[in-house]
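Okay, thanks for coming, everyone. Let me put the model up, and then I'll walk you through a few spots in it.

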There are 2 protein chains.
Amino acid sequence: MKTFGAIEAGGTKWVCGIGTGPDDLDKIQFPTTTPEETIAAAIAFFRGHDIAAIGIGSFGPVDLVRGRITSTPKAGWQNVDVAGPIRAAFGIPVGFDTDVNAAVLGETRWGSAQGLDSCIYLTVGTGIGGGAIVNGRLVHGAMHPEMGHIKLPVSDGFAGVCPFHGDCLEGIASGPAIEKRWGLAAGQLPPDHPAWPIEARYLALAIANFSCVLSPECVIVGGGVMQQQQLFPMIRSELESILNNYIAAPAVLPPKLGTRSGVLGALVLAEAAV
Amino acid sequence: MKTFGAIEAGGTKWVCGIGTGPDDLDKIQFPTTTPEETIAAAIAFFRGHDIAAIGIGSFGPVDLVRGRITSTPKAGWQNVDVAGPIRAAFGIPVGFDTDVNAAVLGETRWGSAQGLDSCIYLTVGTGIGGGAIVNGRLVHGAMHPEMGHIKLPVSDGFAGVCPFHGDCLEGIASGPAIEKRWGLAAGQLPPDHPAWPIEARYLALAIANFSCVLSPECVIVGGGVMQQQQLFPMIRSELESILNNYIAAPAVLPPKLGTRSGVLGALVLAEAAV
């Protein structure tokens, strides 16, 4: 059995792993600093290991063909070639996709969506993004989904924090949106804070829209904000109310792989690159 | 070359055709009355013809496995088996899908999306519905898309006409929504009526959301309301403004097959059923 390398290239931290799956994954993480320093740390981690390929799930938006990050608001990371230096360092195949596409692959292979033909992985943290499987394959289309940027009815008058769209989903329901609205980080708000019914409402509206477009069998919701596990029953209840029995609500589940969906999905990207 | 039968089973009219493609399609249409009468009229049209299979693109929601219409608001058509009586009458394979899935197949085979790997067909008429192609294949998922029922920011205070969701996309932008808002049918409003900037805004918001979820190369917009062709440039301009260069806007095009996308797509369903 071949061993692969995996990188979950996030805007806050990178997680690198070596292994074949959840049972033998050896991983480290380090903060995302400059592109040069961060990519060099990843290369140092893989150096000397016998790996057949490396998969990268990256924050974005990305250019999938060129393996680059494109129009990110993250300073210093616009138009950075991520796949190129990794490929050059090891001379092995490199698979490159978005972080959320990696995560949905990981969850479909080993996690909450194991064996399903259609599902969505949504991450709710510093940003909001989604990856989707349709007919057993990743959705790319012209570029890749940017599910965090859909527009929803905004009922609480909040102007939103997205630099591109103001009150898109990411603008009203990401970690920074919660912090801006309440003056405290999501992790510091108690479970009975009035922030959570509002958050659940917006995530349920988003999942209702995703369900109308993709009809997924399940929607896995991960990311830092979802550490507030009281959100899950609130989202499910709002979702039923929004869909109103016109279509069946998909299962809304936490990621079985926990915080490892992305890095494990990057192993699947590596495997596919061989 | 085999000849196929095709049915576009709409809520207002049925279009039945026999042929192999756009150049030789022989078709008729008749109003949708009771299920018994309407299905009998389709059977009478195909009787005596040498056809290898019949494809049906139906209004919905539908149960694709059983070939039935399910929770439609259309009186008398709830839980009607459409595919069964057609299959029983001729003993040949019957392909069954939604009307908009048929339309997107037709447009991908012979129309505005010819050769594309990803696209959406949206119909804006008595109802609003969408079908999608991803990685060259129809999106079904747990059931099938119901794109007309997404929720959008509603800025004109209109309560909407959808019996299930009030102000979902279909509730605010379908033909009946326009008529309810202005007291005149869409076809009776002049091209410079204030209805059209509002309509274009809602359709652009919907297409922006679909683009964030599916990243399609093109979005084809058909249906009765889109006979108002001044809507196309208005939608494109609103769409650019909403997406704000974060992602590239897909091409927004009328259906090259005109009003025949659905019935021609049903031929493709027939072909696939063999």
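**Rings, loops and an interface**

Let's begin with the aromatics: in chain A, Trp14(A), Phe59(A) and Trp77(A) are joined into a cluster by ring pairs. My rule for a pair is that ring centres of Phe, Tyr or Trp (taking the six-membered ring of Trp) lie within 6.5 Å; planes under 30 degrees apart are stacked, over 60 edge-to-face, and the rest tilted.

Quick housekeeping before I go on. This is a predicted model, so local features need pLDDT of at least 70 and side-chain atom pairs count only at pLDDT 80 or more, while totals for chains, interfaces and linings use all residues. Residues are numbered from 1 along each chain as its sequence is written, chains are lettered from A and ligands numbered from 1 in the order in which they are written, and side-chain values use heavy atoms, with hydrogens and water left out.

Back to the rings. How many aromatic pairs does the rule give over all chains? It comes to 10. One of them is Phe45(A) with Phe46(A): the centres are 5.2 Å apart and the planes sit at 65°, so we call that pair edge-to-face.

Now, a charge on a ring. The charged end of Arg181(A) sits over the ring of Phe158(A), 4.2 Å from the centre. In chain B, Arg181(B) lies over the face of Phe158(B), with 4.3 Å to the ring centre. To count here, NZ of Lys or CZ of Arg has to be within 6 Å of the ring centre and within 35 degrees of the ring normal.

On to the backbone. Which peptide bond in chain A is cis? That's the one from Gly60(A) to Pro61(A), with omega near 5°. Pro61(A) is in the loop between strand 4 (54-58) and strand 5 (62-63) of chain A. For the record, helices (H or I, at least four residues) and strands (E, at least two) are DSSP runs, numbered from the N terminus. In chain B, the bond from Gly60(B) to Pro61(B) is cis, again with omega near 5°.

There are positive phi values to show you as well. Asn244(A), not a glycine, has phi near 55°; look for it in the loop between helix 7 (231-243) and strand 12 (251-253) of chain A. Asn244(A) is partly exposed, at 36% relative accessible area. Asn135(B) has a positive phi of about 50°, and this residue is buried, at 16%.

Last stop, the interface. 37 residues of chain B are in contact with 37 residues of chain A, contact being heavy atoms within 4.5 Å. Strand 10, helix 6 (195-214) and helix 7 (231-243) of chain B are the elements giving two or more residues to the side that touches chain A, and helix 6 of chain B gives the most, with 6 residues.

Definitions and conventions. Buried < 20%, exposed > 50% of the residue type's maximum accessible area, 1.4 Å probe, protein only.
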